[in-house]
Amino acid sequence: MLTLPDYPWDTLTPYRERAAAHPEGTVDLSIGTPVDPTPALIRDALASAADAHGYPTTHGTEALRRAVADWFARRRGVPGLDPRAVIPTVGSKEFIAWLPTLLALGADDVVVFPATAYPTYAIGAQIAGAQAVAADTLAELEPDVRARVRLVWSNSPANPTGRVQDAAELKALVDDARALGAVVCGDECYAELGWDAWEDRTVPCILAPEVSGGDLTGLLSVYSLSKQSNLAGYRAAFAAGDPDLAAALVNTRKHAGMIVPAPVQHAMAVALADDAHVAEQKDRYRARREALLPALRAAGYAVDHSEAGLYLWTRRDGTDPAAAGEQDSWDLLGELADLGIVAGPGVFYGEAGHGYVRVALTASD
């Protein structure tokens, strides 16, 4: 039987109890689940497709795949994406966790992901029996490890740090990975939520010509509608990129029964065609960020990176993150819990997260 570590968020129970004891109640800024309503046009689309008596297509309807390709051209700077290279997924986490297995990786193979990262990259490698390695560049790896790299994850905008990689950084990663024959998969689920210098600029996509050179071989971009459209409960996401790689993955997913329900596919197509609700939701998150960011700073905390996404990467002001240990994150978590605030400990995201907590922008006003 495969043995995985305990689910990390279950360890927050004592801190939730401390926060609940605050006389004014709890403000939960931990996991970051959307709290705002799913837009009416998407709910109406879901209802209109509710007569779904037949099996849905694993590859997705033509309408959905075309909507994804059009969205990439309009919003991500990726023109001419082949709709056949689109894969609907049951949320992005499913795809991230199972991609190493679907690529038939094993004990001799290495999966690389950022040093401060969403834990599911490592879990996916573990499920497949591959070696998980945290590194921000392939140049950091020892030659024997580098030679075995088969899958590289980029994550921009990053969870938890909110850091954005520019096109030159992504291109360098792609070029290095291609030299090793590795697949590069960009987790880009927060791309519509740029702040600061990225407020009015397109966050670079791993499929964009300035990154890929116009060649999508070995490249995939993963995206979710959970944040931009408040569809976390729909499990609505997709991957796209290399047509040959997509075809192989779709074939395996057909055998495994990894299918997005037909009403959800229709709702996704409608959501992707409408930019107005995305802008409206971003305005809500901007207002919350503009309230929370100065409040944290005024209370003696520093926020690093966080130029995009739904989180503020937070530490005590004046501390040296390089000297922090695991306990520093838990102490900071307890300090916030005594104020009635629940956050996420930085240690959930690797050793580079020591001394930090992740503070979400998703609580209601």
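**Exercise 1.** Determine how E280 and R284 are paired in this predicted model, and state how they are placed in helix 11.

*Solution.* 
1. The closest N and O atoms of E280 and R284 are 2.9 Å apart.
2. A salt bridge requires such a nitrogen and oxygen to lie within 4 Å, so E280 and R284 form a salt bridge.
3. The two residues are four residues apart in helix 11, and are therefore separated by about one helical turn.
4. E280 is partly exposed at 44% relative accessibility, and R284 is partly exposed at 27%.

**Exercise 2.** Which parts of the chain are tied together by D36 and R288?

*Solution.* 
1. D36 and R288 form a salt bridge, with their closest N and O atoms 2.9 Å apart.
2. D36 lies in the loop between strand 1 (27-28) and helix 2 (40-48), whereas R288 belongs to helix 11 (residues 276-298), so the pair ties together parts that are 252 residues apart in sequence.
3. Buried means under 20% relative accessible area; D36, at 13%, is therefore buried, and R288, at 9%, is buried as well.

**Exercise 3.** Where do K282 and E199 lie, and which network includes them?

*Solution.* 
1. The side chains of K282 and E199 meet in a salt bridge of 3.5 Å, N to O.
2. K282 is in helix 11, while E199 is in the loop between strand 6 (183-187) and helix 8 (209-212); the two are 83 residues apart.
3. K282 is buried at 11% relative accessibility, whereas E199 is partly exposed at 24%.
4. A network of salt bridges links E199, K282, D283 and R286.

Note on methods:
Residues are numbered from 1 along each chain as its sequence is written. This is a predicted model: local features need pLDDT of at least 70, side-chain atom pairs count only at pLDDT 80 or more; totals for chains, interfaces and linings use all residues. Side-chain values use heavy atoms; hydrogens and water are left out. Buried means under 20% relative accessible area, exposed over 50%, partly exposed in between (1.4 Å probe, protein chains only).
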